[in-house]
Structure formats: C-alpha cells, structure tokens
Amino acid sequence: MTPLNYYIALSAILFSIGVLGVLVRRNPLIIFMSIELMLNAANLAFVAFGRSFEIANGKPFFSGQIFVFFVIAVAAAEVAVGLALIVEIFKTKNTVNIDDVNSLKG
Amino acid sequence: MEFHFPLLTLLTFFPVVGVLVILFLKSEQKNAIRWVALTTALITFGISLWAFSLFRSANPDLQLAEKYNWIRVAGWNIYYYLAVDGLSVLLVLLTTLLSAIAILCTWTAVEDRVKDFMIFSLLLEVGMNGVFLAQDLFLFYIFWEFSLVPMYFLIGIWGGPRRVYAAVKFFLYTMAGSILMLVAILYLAIQTNTFSVPDMLSVLPGLYAAGTISAGAQMLLFVAFAAAFAIKVPMWPLHSWLPDAHVEAPTAGSVILAGVLLKMGTYGFLRFNIPLFPNAAIQAAPWIAALGTIGIIYGAAVSYAQQDIKKLVAYSSVSHLGFVMLGLFALNPEGVAGAIIQMVNHGISTGALFLLLGMIYERTHTRDINVYGGLWKIMPVYGSIMMIASFSSMGLPGLNGFIGEFTILLGAFGSKAISNPWFAGISAIGVIMAAIYILYLFQKMFLGPAGEVTHHHELKDLNWREIVTMIPLVVLMFWIGLYPAPFFNILAPAVEKLLSALPL
Amino acid sequence: MHLSEITSSGFFFLAPWLVFAPLAGLLINMIFANRFKFSENLIGGIASAASGVAFIVSILLTYSLSLQHGEAARWRLAEWFSIGSLSLDWTFRMDTLSTTMMLVVSGVGTLIHIYAIGYMREDVRFKHEEGRFARFFIFLNLFLASMLVLVSGDSYLMLFVGWEGVGFCSFLLIGFWFEMDTLGRSSWANSNAAKKAFIANRVGDFGFLIASFLIFWNLGQSLQFDQVFEAAKNAPPGVIVAITLFLLLGVAGKSAQIPLYIWLPDAMAGPTPVSALMHAATMVTAGVYLVTRSAPFYNLVPDAQYIVAMVGAITALFAATIAVGQYDIKKVLAYSTISQLGFMVAAVGMGAYVAGFFHLIAHAFFKALLFLSAGSIILGIERGHHHAEHAEHADKSKSKKGKKEEHGHAEHGEEAFDPGDMRNMGGMRKTMPVTFWMYLIGALALSGIFPFAGFWSKDEILLDAKLHYPAAYWLLTIAAFFTAFYMGRQIWMVFFGEARTAPAKHAQESPKVMTLPLVALAILSVGGGALNFPFEGFHNLGHWLEHTLGEVESMPLNLQVAGVSTLLALIAIGISWLIYGRKPLQNGEPDPLKKALGFIYTGMENKWFVDEGYAALVIKPFDKLSQFLADVVDWRFWHDFVHERLIAGTYNWISAIALDKYSDKQGIDAFANGLATVSQRLSAGMRKIQNGFVRSYALSILLGVVLILSYLIFK
Amino acid sequence: MTSDLIVFIVLALIAIASALGMAFSQNTVYAALYLVLNFIVVAVFYLLLGAPFIAMAQITVYAGAIMVLFVFVIMLLGVQGLPPSQTLPWQKPLAVLLAVVLAVQSIYLLLARAPLAQTLVDPDASINTTNNLQQMALTLFSDYLLPFEITSILLLVAMVGAIVLSKHDKKAGTSHDAA
C-alpha cells in the first residue's frame, strides 16, 4: 500500500535530475537522454495519478495510461528526428560539443 | 442547428489552399507561382460570387451563418462565427475582386521573391475576408491583427527605399489602437458573457438600461473601439502613418491598403461602434462629423501641395474617408448607405488610381509629378482610363464617386444625430477642392507639353494585361454611377435595421 | 402624388433616345473609328447623324406635346436609386420649357457638328494631329448627351448630372489641344484654361449641391420638380431665399456671371465649334434654364429675384466694357457672350422668363453664327498664312525649309503668328465674302438692329426691366450701347480697310460644309424674332411656355424703349465708324481708343485686372495655405515633430536611458534611426543573454519555471 | 511497512541512482545503459500501478527500440568524452541549485495541492482485472481514435523527416532557396 505521494515525489526527483542533465552536460546525446528521463518522470506521474483516480472512484480509468502511450509514441518520433539532427550536426561541425553549436548567438 | 455547407469558411480560407500549392513550387518557377496565386484569387472571387448568389438582399439579418462553439473557458463563450449581411457583403466582394486584381498587377512589377510575395498576398486575403465575415469579437480580433502581418511584410520587403520605416510605423500605429480595442472587447465579454456580437446586441440594451454599464463606461468603450478603427481609417489627425505606408508600399500593397484595409476601419465603426454603443454613437456623432469634415478639407488641401503622385493620392484618401465617416455618423439611411457605397467607391477609384500610378512607375521609376506631362498624347489608352478613374475619384456625376458623395452629404445635411447642416455644407467645399487636386494631378501628368520623363523613356501604352486589370474597375465605376439601384437595394434593409435600433 | 403623370402616349417613348442617340454615336466612333480607320467624313457623319437623330426626336416630342396642348409629360426609363426617403428615377420630362431647350440644343448642335467636320479637318492638319479628329467628335457627342440630360431631367439631381456632365465635356474640349496654347506653341496654357473652367464650374456646382440639400430636407424630401414646387408653396420664405441664392451661385458658375465668369474668356482655347456650341449657344445658357425651371421658387421671393436681376445686369455691363478692349476676335465674342448671358439672367431674374428665353434662343442663333464665322475667318487666315509661308519658303534655301518642317508648326517663325488677332486682319470682306455677310448679319442681330432676332428679344428684356427694375434697365441699356460699339469696332477692324498682314491678304474662303451651316444660322438669326413678335396674336413662345411657367405677361411693343435702344445702337455703330472705319488701323498702330480713354482703356484691355485679383486674393492664398498645411503643419509639425520627435523620440530616449546610460545624446533622433538605435541597444543587451549556448537558454527556461512555481506556492 | 512499500523504496533508490548515473556519467555508453536500467525500473512501477500494457510498451519501445537507436548513434559518433570546458562557468552551480529548488517546489506543490495525494495506491486493488488490457484498447480505439490516427501520421512525418535529414543532396549549397 504505497501512498501516491511517494510516486509523485519520485517523479519530481527524476524530473529534476533530467533537468539537471540537460543543463550541465555538453554532449547532445546525454542531453537528449535527460529529456527522455524527464518524459519518463512525467509518465510516471500520469500513471500514478490515473491509478489513484481509479481507486478513489472505484471504476476503471484509462486516460492516464493512454496519455503515456501517446507520449511514448511522440518520444519515438522525437528521437528519430532528433538523432538525425545530431548526426547531421556532427557531420557538418565535426563535433558533438553543444557549446560549439552556438551560431544562434546574437 | 442544421448543417449546411460551410461556404463562408471556404471563402475565407480558400487562399490557404493556394498558399499550400505555392509552397510546393520552387521559387524559380515564377510564372507557375503567379498563375497559382491568380487562379486561387479568382476562385476565391468566384466563391464570393457564389455566396452572393445565395445571399438574400431583402433579408436584413445575418445570413449563411456558421456558428460553432470554439473556446469555452470559465464562462467565456467564444464562437467560431462567420456570417454576412447587407453591411458587409459588398465589402467581401470588393476584397476578393481587389485581391485578384492586385495579384494581376504585380505580374511584372514584382520579380524578386515572387513566391513569398504571393504567399503573403493570399494570406492577407484570408485576414481581410475574416475581418468582414467574423461575427464574434474574439475571432474578429484575431483576423484584424492577422491581416497586419502580411501587409507588414509586403511593405517591408517589396517597398521603396524607406520601406522598413514605413512598415514598422504602419504596424506600430495600427497595433497601438488595437490594444485599446482588445481591452474594451474583454470588458464587454466579461459583462455579457459572450463574444458573439449578435448575442451581445441582445444583452447590451438591458445592461445599459439597468445601469450595469454606465453611460460614461459606454462612452469609454466607444472611444476604445474608435481608437483602433480611427487609426485604421485613418481619421484626421491620426493619418500620419498613411502617406508613409502608401508611398513605400509596392503597387499591390497600395491597392489593397487603400482598397480594403482602410475599409476595415470604417467597417469596424459600422459593425461594432454604432450598434454596440448606440447612445455613445449618437453623442459622439457631431464630434466625429467635425473630425470627418476637417479631414475632408485638410486632406484635400494637403493633397494639392504634394509633388509625389502616390502621396497625393494617399492624402486624397484622408479626404475621401472623411466623407465616409461623415456619412456613417449622420446615422440616417441616406448617410450610412452612402458611406458604404463610398467605401466601395473609394476601393474602386483609389485602387484604380494606385494601379495606374503603379503602371507608370514601373515604366519611369519616378513619382515626381513635375517630370511628367503630356502623357495623354503618348499613351492615349492610359490617359483615358486615368481620366475616368480621376473623375470618378473626384465625384463626377455618372461615375461612382458622385453617388456616394451626394448621398453622404445629403444625409449629413439633414442628420438628426449631427444636427447641424454646417458640417455637410463645409464638407461640400471638399467637392471643389477634390476637383482642384485631381485636376492638378491629371493636368500635370497628362496634359500640357511632353514632360522631361518622356525624353528618357520610351513610354509604351498599356498592354493587354494591364487593360484587363483595369476593365472590371472601370465597368464598376460606370455601373455604380449610372445604375446604383441594385447596390442600394442590397444595403437598404440591413442599414434600416441597424438604424432602427438606435434611440434617435 | 406625382402631379404630372407618367405618360405612355404619343412619341414620348422616344425620350431616352435624346440621350441614347448621341451616346450611340460616341460609342461607334470610340470603338471603331480608329480601329477600322474611318474616314474623317464618316466619323463626322456618324456624329452629326447622332445629333440629327436627337434633333428629330426633339421635334417628335414637341409635336406630341403640342397634341396634348403642352401638358407636361414624363417618361420613366429606370429606377436610379432609392435609400431612406431619397428615391430617384431616370425620368425624362417633356414640357414646353424643356422641349424648347431640346430643340435649340440639338438643332444648333447638329449644325455645329456639320460645320465641325470641315473645321476640324483643317485644324488637325494645321496642328499635325490627324489622329485626334475622332476624339473631337466623341467629346462633342458626349457633350450633347449631357446637355440633353440636363434639359430633360425630371429632378434636380438628374439636372445636376447633366449640369456637371457638360462641365466635364467643357473641360475636355477646352483642353482639346492640351499640349499647346491657342497659337499652337508648346505650353500649359490650354490645359490651364480647361482646369480653370472646371474649377469655376465646380464652385457653382457647390452652390447647386447645397441648394439641392436644402430643397430635399425642407421641401418634402424629394428632388422631383413637381413635388418640390408644390411643397415650396408652404415653406418658410427664408429657406426659399437660401435655395434661390445657392442656385444663383450655380448659375453664376455655369452661365459665367459675376463673380465666376472668369473661366469663359479662357475657354476660347477650345476649337471654335466648341466655343460656338458650348460657350455661346447651349451650355452656358444652362444657368438661365435653371432659373426658369426654378421659377416657382423665384416667384415666391422677390428679394432674391432682385439680386439675380442685378447680378445679370451688372455682368452685362461689366463684360461689355471689357469686350471693347479686346483684340482677339474670339475673346471679344466671349465677353460679348458673358454680357448677353447677363441680359438673360437679368431677364429671368426679373420674372420675365419668356423674354429671357426668347433672348436665349435668339442668342443661340446669332452667337453661334458669329463664332462659327469667326472660326471660318481664323481658318481662312491660317490658310493664308500657310500660303504666304510656302511662298516665302520657295525663296529660301531648301535645307532651312526641311529643318523647319521637322520642327512642326509650333515653331514657325520667330514669333508665333496669331490668326485670331484682329490687328492681323483687315479688308477681309474681299477675301472671304460669304463669311463677311454672315458675320455682318450676326453682328447686326447682336447689336439689336431692326428687324433681326436680337432686336425683338433684347427690347423685350429692356421693356420688362423698365417696368420692374429701373436700375437694371439703365445698366442694360448702356450695355446694349457698348454691344453695338464693340461689334462695330470688330466689323471695321476685320473686314474693312486694307489687309494688315500677308496672311490676311491671302486668306481663302471656307468650304461649303462650313459655310452652309452659317447660312442656316443666318436665316434663323434674321427670322428668329418671329418666335415671339410683340404683337397681339404673335406671342407664340410666350403662349407655349405658359403651359410650364403659368400665367405670363405678354408685352406689347413699346416704341419708346425700342427707339432708345435702336438709336443708341446706331450711335454706337456710328462712333465705331468714326474711330475705326473712317481711318483704318495700320499695322502696329495702337488702338485709337487708347489715346482717347487712357487708363480706362488699359483697364478694359486688361479685363479690369480681375484675373490678377483672383490670383492674388484666391489662388495664391490657397496655394500658400495648402503648401503650409502640407509642408509645415502636416509634415514638419505633425509627421516629423509630433510623431517622430515627441512620440518616437521620447520612447527612444527612455529606452536609451534604460539600456545605455552613455549615449542618450543621440536618443532624440528621427524615428527610423531611433528605432534602429533602440533595437541595437536592446539587442546589445540581449546579446549577452543570447549567447548561442543552448544550455543557458534552457537554464533561463528553468529559471522561469522556478519563478512561476514560486509564485504559485506563495500566492 | 508493507512489502510493496519496501519494494517501492528499493526500486525508487535504484531509479534515482541510475538517473544520476546517466546524468553524470562521462562515458556515453554507460549513460545509455544507466538510462535503460532506469526505464526498466519505471516499467516495474507501471506494473505496480496496474498498467501492464504501458509497462510492456515502456520496455519494448523505450528500453528497447529507442535506446538501441541511441546506442547506434553513440557508436556512430564515437564514445570519446569531452574535455572540460571553461565556457559558462556559472552554469553548473546555478543549474544544480535551480534543479534542487525545482524538485523541492514541485514535490511540495504536488503533495500539498493535489487533491488525491493522500490516496493509497494498491497494486492488488479489485478493479485491476485481467480484462484491463481489453478495456484500455476499447477506450483507445473509441474515445481516442483520432489522436491515435494522428499519432500514426506523426510517426510517418518523423520518418520522412529523418530520411530527409540524413539524405545527402549533392546539389545542396548551390541553389539557395529564398523561401
């Protein structure tokens, strides 16, 4: 009998770690993975909330899970495009250091 | 609500189809892009004619309505609500016609970034149609602001030497006015719990009567709406952006700007200010009439002193739109119907003038009036069409301008709301002054000995494409001038309905 | 509701063809003439036929009208527009007044069309613009159509359409040779004259507009004649006075009365048939027609009538004095026209509508005759000029000739030869005998010599004036004296003595196509008086117009008035013989009157400096005002100072202070620069943030998230 | 302390540890493997929360497909670590600080403000029946049919996008498309 609280706290912690990863790492692949971690944290919260709603109301409730399903699908798409972009950047810049990709600066 | 074919949605968004097709074309395929854009604009015009054929002019109410719930948050009822009535149907037809003509007139004038140009032109048409069709303030506001963006780019990319300045000025000015309107829209929506204008109209009289919205608040709301529209019109003294925008805009931009965008301002007054705030409108009528009168005289006087042909016509717009404002706030059927006819007229005549000036500019690349002269001898067809357009703009009986000016002045002269014939009397001096500046333009360019510019350029008369561009406008000038009954019959029921709601 | 019923009997169904016929002619010539290379005779023939059809229609309409004893008839063609209480139709009105005008307009018009075939054929050749032949007839037909709309309209607004329409045609035709002056030199003069005419007319139109607004709102919300006249009976007189005076402004514009007459002399820049048709016979009489048409208004307010009569009488005298001092044959006739229009306006102002109308018709005949003869003289001299030049060229070297021809007509000779200047004429009764006799008839008719048409019509006006307005009577009588004098001066200077220049010596008579219309007009000028002889049983015109105007006073011949005026005319002609006939003017000699009258003559010669006065008092100030408004008020103050400096500048200044404390000196600058500076400064600040490192962007996002969450927590 | 609570705590510690490992490991391959571990742990959580289908999807799609893709790319680009960098020196401490604040804030918010936060989540609750999967499928293909179809389009677009990005146009660089 785990309280929902715990799941939520875990989710928040995982999310913050993902954020941290995005902020401190310079390797785009790891940044990308951190983003995936954040998505996962959110997914966890989704499922947990869905579950607690189900229990509180005493009837099946799937929206949380279905959202997770969609998130997974979107993540797959995102990864496909994102990795392709990273490969392309590597080919043109010959580096994976994200700090070298700063041509957007004003 | 029974389902019917969403004709107005099709009409509004059809240009997007053209945009999508153009997106798939390479930018080198300039002719293909032009043809796609023109075809799209023509089909849109066809759709507007189709819609017009379903329009029943005897019916004063909104027709072909499409009303769907769109956003419902916290008691805010925002609808996707398109409909047309006698007040707007002519303007929609004018918009679709002028859009097609504007695209046709850029055939050779724009060689640079044709793809972008056509995309922006078509998007602009979406915005303009939306403005005239939207019956929900939220939707209206979106279209209203949306129409700014393509125009901004049209001026800013394809304009003259000071294009960026003009584009930014155009954008900032119209934006500044709109923000006040947005506040007023939100206030109204909070009070009435709806964004739909017809719904508001059924709720508002009760609110006014109960004092929920005080007379002072009504006036403030009126002023907030008026701020947005008056800048767009532009009413004197808020016209400062207009000459810059017109002078720098490319021909098609000027045509659309003069022909349609300015009408959005006057249409706003007609559609929102008068019915939503009837008491304030009646109170404000003399003041607006005064501003309109000043605008008529001032625009005409300033226009006469210009050396730049496009600027001259730009200032003449200030004068013409002064007439429209005067007619609208006469708040009697003659004045309001005359004002709507005059909106159409101004779109046709001034649109035609800008087209014609664009044609000569394309040949000579100068807008200085002093280097022209004697063009009628060298370009007889051009001269003759220009003559018709100028005299139509001046208000010669038998051409369209006269019908509008006469009914406006007649209405304003006997208006109960303005309650002072002097405004109309002084405005009638504007008729003389119109003759002065138009003849100045016509004489300096077309009469007299051949000007300097003819020594440097081999000036060819209009080609077929250019003549075709002008024909619909010339036909309309004569049609409205000689047999305007059908146009008035379209307007009359809606105008009578609008005015019957006023506590006059 | 309608006082005269819409009719369907007789030939009234033809009424629209009054307008359609000239329009058809116009369209045919416009579409086909240049494309299929119509010959000049065909173009002119089509236009004349169109005009002729209109004349025949007028006759048929008059006939139908006489069948129903002059009872007014109306024919509705189509709805025009209706909105609110304003409802207008395209309805033609046939009553005795309008049919009379139709007959005059289309009849004289047809003759002038025919004449113009001959005249324009030579005119376009002298100016090397053969392509413009068709254009002339298109404009002429358009004018006829507008004029017929004017006279046949059933409401003030339809009248106004014709009213402005003829003004527009007048603009087109005065500016027909828009790239030159009257001597064919490259110049803005003709187009200026056209512009002046249109604007002066527009000032009058302004009066008309205001009058029609007053009519609409005060007289039963209608503009239809019968209805407003009915309503006028119960209207407050103040309103009627206002209406009539604003109408008078319109009349002054169209019929060239003080103070708006200034455009008419300049209008002589148009080809001569135009001067004859529009600026003498028909268009300028529209004002007289308008007053007559509005007779029910004027009859109600004698004060307004008095003002109209005095305006007319003063104009008559004023213009007559100027005519004395002119040298250009057409200018003399132009001022004479203004003067005669003054007679007519005075007459209708006095309520003597029949007399005014009688003079209108007679004047249409003899003034058209005079103008056309003048045109014939001018062309005759042009022919002589060319003849003389060719003779001259034959002597000179061929290279020079070639060069001259290259330059075209405009640059012939060192100083352009003016074929219209009477000082260049003389002795032309020998070279152009037919024209001479025709001109003489016209001049005698104009001077009011028995038994020509002008005698009868003018005496009727004078008699009316004597009975009602003695002041006007004296003004008009003196004007009649001057009239006879300047016509005498003209005859002596042009036709008698010896030719003062070679062209006048070699002048050739005009072809038949031009002289035949002259003969026709001369016959009308002689016999026109028969329309309304002042004897019992002969007041034909009076009885005819009575159907429209109500009871009309018929005047018996007053021997005293007739005697005085005839005697004065004869004396004037005698004086003119003493000055100009006895000792013919020599080439280069100044006008003998100049010595005699001194500065008065200088005034006459310079048109009393009225044009200069207008330039100084109206045109210059308006130019200045407009320049001031445009340059100082609108551009430098409103556009640059308020918008660029105050609004944009303040914004820039604030942003400059906010973003960069060192460079606020440049903060106040033009909007464009300012905006650029602002964005530069903004971006300079933003650059530090926009470092291109994605990570730091993400950090700022996170910062935002944290802040928002903090807000949510602590709110 | 019940058994499933103990399971939860152990798993949660593993999840946090693997997440930290992913975020701070210098070797990219290790990072990927840590992430796989994390995904698997999360999948177990899904099972505990009565979402067997999502758990399977998590393992096959995330831990399986997506991570394999990552590893491929890592192998393609090389696994060398990046040299320490002097750019944005303040970034790291600030990031850590903000991340901690974020964690605290979000935990607080979610726990204090969420209405269901005190619910006990029971893996054996009666509604967790065998027809769970069937019912979910029914929901997915009725109420959520349109989003589902849109997802398919999204995947297609992503596919096309990936192909376009990695396709090498020889003419690229010569024709500058102004649009």
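**Exercise 1.** In this predicted model, work out in which sense strand S1 (residues 73-83) of chain C and strand S2 (residues 86-94) of chain C pair, and over how many bridges.

*Solution.* Start with the direction: S1(C) and S2(C) run antiparallel to each other. Next, go through the bridges, and you get nine. For one example, pick C:Ala78 and look across to S2(C), where its bridge partner is C:Trp90.

**Exercise 2.** Find which of the five pairs of chains that touch has the most contacts, then describe chain A's side of it.

*Solution.* Here we call two residues in contact if their C-beta atoms, placed from the backbone, lie within 7 Å. On that count, chains A and D come out with the most contacts. Chain A puts in 68 residues and chain D puts in 75. Now see where chain A's share comes from: S1 (2-3), H1 (4-24), H2 (28-57) and H3 (63-93) each give at least two residues. H3(A) supplies the largest share, 21 residues. Sort chain A's side by class and you have 50 nonpolar, eleven polar and seven charged residues.

And chain B? Chains A and B don't touch, and their nearest C-alpha atoms are 20 Å apart.

**Exercise 3.** Work out how far apart the centres of domain 1 and domain 2 of chain C are.

*Solution.* First, get the bounds from the domain assignment: domain 1 of chain C is 301-387 + 420-598, and domain 2 is 612-714. Then take the centres over C-alpha atoms: they're separated by 71 Å.

Definitions and conventions:
Residues are numbered from 1 along each chain as its sequence is written. Chains are lettered from A and ligands numbered from 1 in the order in which they are written. This is a predicted model: local features need pLDDT of at least 70, side-chain atom pairs count only at pLDDT 80 or more; totals for chains, interfaces and linings use all residues. Helices (H or I, at least four residues) and strands (E, at least two) are DSSP runs, numbered from the N terminus. Ala, Val, Leu, Ile, Met, Phe, Trp, Tyr, Cys and Pro count as nonpolar, Asp, Glu, Lys and Arg as charged, and the others, Gly among them, as polar. Two strands pair if DSSP finds at least two bridges between them. Domain bounds come from an automatic or database domain assignment.
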